[in-house]
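Biologist: Thanks for sitting down with me over this one. Could you bring it up, so that we can go through it together?

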Amino acid sequence: MADMGSKGVTAGKIASNVQKKLTRAQEKVLQKLGKADETKDEQFEQCVQNFNKQLTEGTRLQKDLRTYLASVKAMHEASKKLNECLQEVYEPDWPGRDEANKIAENNDLLWMDYHQKLVDQALLTMDTYLGQFPDIKSRIAKRGRKLVDYDSARHHYESLQTAKKKDEAKIAKAEEELIKAQKVFEEMNVDLQEELPSLWNSRVGFYVNTFQSIAGLEENFHKEMSKLNQNLNDVLVSLEKQQGSSTFAIKAQPSDNAPAKGNKSPSPPPDGSPAATPEIRVNHEPEPASGAAPGATIPKSPSQSSLPAVVVETFSATVNGAVEGGSGAGRPDLPPGFMFKVQAQHDYTATDTDELQLKAGDVVLVIPFQNPEEQDEGWLMGVKESDWNQHKELEKCRGVFPENFTERVQ
């Protein structure tokens, strides 16, 4: 008997795993060829379709919410830089200097508070909502495998009963295995039949609460920001009155085609800028519109403005980026057929003899299934890196595991 350390794999366990895989593969082939009937549950299949749709929608909402937060962060930095510029050009002897500095401080605090509340009341709730999906998805895949085991045991029992020469001992054993397989399947099936509809119905309340929170926070933010902007305008009006004989102009008069006050949008930063604080570009018209003050810049209309490209690029690189590694086929330090590495993000307790037991942080070397027909959706074949480095025996170490409990690292 081989010593497999913490795995405790025995020759009997290995044989059991191999037999299970062969039996499942044979059953699937017979079902696909129409030579064996397959247990169907249309109501459950509809629940699974709803689950997958709900997961896709939730994942998209999480991605878009993170993009929104990145945009808020970028606008905060841009606003902060703009206020810093005003503080630098504001002469010490000009009236309202202290008030302008205080307004800039409050502006900075307001942006930070808005971003943090969005994280606390929307993003964290979103993460908690999506956190329940990996376990359920794993159990759905597990149910599918147990259903194949049940069908296989049922067909074996039926074939023994209809045989010309009946072996009562074999029939009794087959019946015992059928009852056991049916019990395991039905326990998983009943739990999922209750949980999936409940999860599907919960999405309405979740969407309502999430978007209500975002809308309320944004409304309060703009109210407070409007007050600060009015205070800053009052300070600048006072400065303009005192320095009325000077030649500089505080603001330009809008032309007939310019947007009304409060509709200006910042110009986007340069494409590909890696900085967290985007640089503001000002687009100058060749000639001022009729009625505009000399040297004034015509504001862009909202339809010409867009979110800074750097926000989307930065977010895409941070959230969706992945380091692609090459195949390790042919390397002696990696198992035959090695494709890539993944790292467990959650603990996974094996519920079958052919599964890997995972702890968060475990690195798994992913390899192909010997028979592609054996691979269930959402499951990968692999060997834990620690076991491979210690034993270099693929047959004793490999097993299947749920893909959504892991994250690709190479």
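Biologist: How many salt bridges does a search of the whole structure find?
Modeller: This is a predicted model, in which local features need pLDDT of at least 70 and side-chain atom pairs count only at pLDDT 80 or more, while totals for chains, interfaces and linings use all residues. Residues are numbered from 1 along each chain as its sequence is written, and side-chain values use heavy atoms, with hydrogens and water left out. A salt bridge here is a side-chain nitrogen of Lys or Arg within 4 Å of a carboxyl oxygen of Asp or Glu. Searching the whole structure on that basis gives 22.

Biologist: Glu-195 forms a salt bridge with which residue?
Modeller: The closest N and O atoms of this pair are 2.7 Å apart. Glu-195 lies in helix 5 (residues 168–242) and its partner in helix 4, so the bridge ties together parts that are 56 residues apart in sequence; helices (H or I, at least four residues) and strands (E, at least two) are DSSP runs, numbered from the N terminus. The partner is Arg-139.

Biologist: Is Arg-139 buried, partly exposed or exposed?
Modeller: Buried means under 20% relative accessible area, exposed over 50%, and partly exposed in between (1.4 Å probe, protein chains only). Arg-139 has 21% relative accessibility. Arg-139 therefore counts as partly exposed.

Biologist: Which residue meets Glu-84 in a salt bridge?
Modeller: The N to O distance is 3.9 Å. Both residues lie in helix 2 (residues 42–89), 3 residues apart, about one turn of the helix. The partner of Glu-84 is Lys-81.

Biologist: Lys-142 lies in which helix, and is Lys-142 buried or exposed?
Modeller: Lys-142 lies in helix 4 (residues 133–161). Salt bridges that share partners join Lys-142 into one network with Arg-145, Lys-146, Asp-352, Asp-354, Glu-355 and Asp-376. Leaving aside neighbours within four places in sequence, Lys-142 is in contact (heavy atoms within 4.5 Å) with residues including Met-188 and Trp-379.

Biologist: Arg-143 lies over the face of which residue?
Modeller: A charge sits over a ring if NZ of Lys or CZ of Arg is within 6 Å of the ring centre and within 35 degrees of the ring normal. Arg-143 is at 3.6 Å from the ring centre. The ring belongs to Phe-44.

Biologist: Finally, what pLDDT does the protein average?
Modeller: pLDDT is the predictor's confidence in each residue, from 0 to 100. In this protein, 70% of the residues score at least 70, but over residues 254–326 the pLDDT is below 50. The average is 78.
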